[in-house]
Amino acid sequence: MAGLLAVSLAVALSLWCSAPPASVDLGTWEPAGDSAPGEVRGLRVIPGERSLTVEFLDAPRADTYRVCWSDRGEPAEGECTAGVNASPYEIAGLDEGVTYKVTAHGENAHGDGAIARVAQGTPGSADRPLEIRATMDARDLRDLYARDVRSDDRLPADVVVADPSTGKEAALEAVRGIRFRGNFARRLDRKSYHIRLDRRPVPQKVGGPLHDFNFRSPYRRAGDRILLVETYTDPSGIRAALSFAMYEELGLPAPATYFADWWLNGTYEGHYVAIERVDREALRGWGLNRRRGEHTLVRDRTVQMEEDESPDPEATSVFELGPDGLGEDDDERVRTLKALFD
């Protein structure tokens, strides 16, 4: 009796396993290898410099993919690239600032798969730093590095400002010369530079090669000096710019900055921070009208004075000296103040 029951159960189990699943329509079912691809899912686009990178998940049974894009109407009505092997795929040569619709579908010998949902993106221009290129006579360049680093004598040079993002450049007119800048920074292996112009460049609109040089302001002139500050002691290279940006965010007057790649006689000197000089143009940009007598700029040379000429070599500001520290009588105090403020 037990043996007969076991045989009956085995036969029933065999019949159940050989039956097709109830959810399968046997009249339309085909082997997976003999049908069109499934739908492309997970489509997205990543904007780049005049390009879009298209990413998506692999579609079932797809051998290759067709990617289509258009800035007008549906993507299928625009340009398409067939035979794309896999994700990601870069669409290059697009117009900057124009929004494109993108889609994709799988392909194989049996036909095209379902078209993915439409994604869209807007190509941009990479935010590349300006290039400031200076050319000096070889003898002047040797003199710049061989002489006393504390020298403020300017040496002649030609300077070009270039914007790699647009390919535009402009030569600065009436360059008076170049010297090292800073106090402690002059003793570092990589120097900071001070470029003096005879006159201020005129304001430039967005897209001009000197737009960043004018601190992104169409009405505010850049001043007649370029202050290139090294980031040799800053592994991040952004601390100075970040500090001034924080002050500005708090609503406090702070010099504007931009990043620049500095080239000297064809040699790449490194990545620098250009910092706005605190002068009348800076006051104008901050809304502080110097001409109405509301504000006055003074330049404190206390920390720049040599030990033998400074009233107090340890002082970092004239305000630390006090009346007695400026001299024994009024005449001496006047002479000291004239020396400290230029």
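What follows is a short exchange about ring pairs and the charges over them.

Modeller: Keep in mind that this model is predicted. It holds six aromatic pairs.

Colleague: Why is the pair of Tyr 145 and Phe 180 called edge-to-face?

Modeller: The ring planes of Tyr 145 and Phe 180 stand at 75°. Over 60 degrees counts as edge-to-face, so that label applies. Their centres are 5.4 Å apart, and pairing needs them within 6.5 Å.

Colleague: What makes this pair a tie between parts of the chain?

Modeller: Tyr 145 lies in helix α2, residues 138–146, and Phe 180 lies in strand β12, residues 175–181. The pair therefore ties together parts that are 35 residues apart in sequence.

Colleague: How do you know whether Phe 180 is buried or exposed?

Modeller: Phe 180 has a relative accessible area of 3%. Buried means under 20%, so Phe 180 is buried. Tyr 145 has 37%. That falls between 20% and 50%, so Tyr 145 counts as partly exposed.

Colleague: Why is the pair of Trp 263 and Tyr 268 called tilted?

Modeller: Their planes are at 50°. Stacked needs under 30 degrees and edge-to-face over 60, so this pair is tilted. The centres are 5.2 Å apart.

Colleague: Which residues do ring pairs link into a cluster?

Modeller: Tyr 145, Phe 180, Tyr 193, Trp 262 and Tyr 272.

Colleague: What makes you say that Arg 190 sits over the ring of Tyr 272?

Modeller: The charged end of Arg 190 is 5.0 Å from the ring centre. The distance cut-off is within 6 Å. Lys 191 lies over the face of Phe 180, at 5.8 Å from the ring centre.

Terms used. Residues numbered from 1 in each chain as written. Predicted model: local features only at pLDDT ≥ 70, side-chain atom pairs only at ≥ 80, totals over all residues. Heavy atoms only, no water. Helix = DSSP H or I, 4+ residues; strand = E, 2+ residues; numbered from the N terminus. Buried < 20%, exposed > 50% of the residue type's maximum accessible area, 1.4 Å probe, protein only. Lys NZ or Arg CZ within 6 Å of the ring centre and 35° of its normal.
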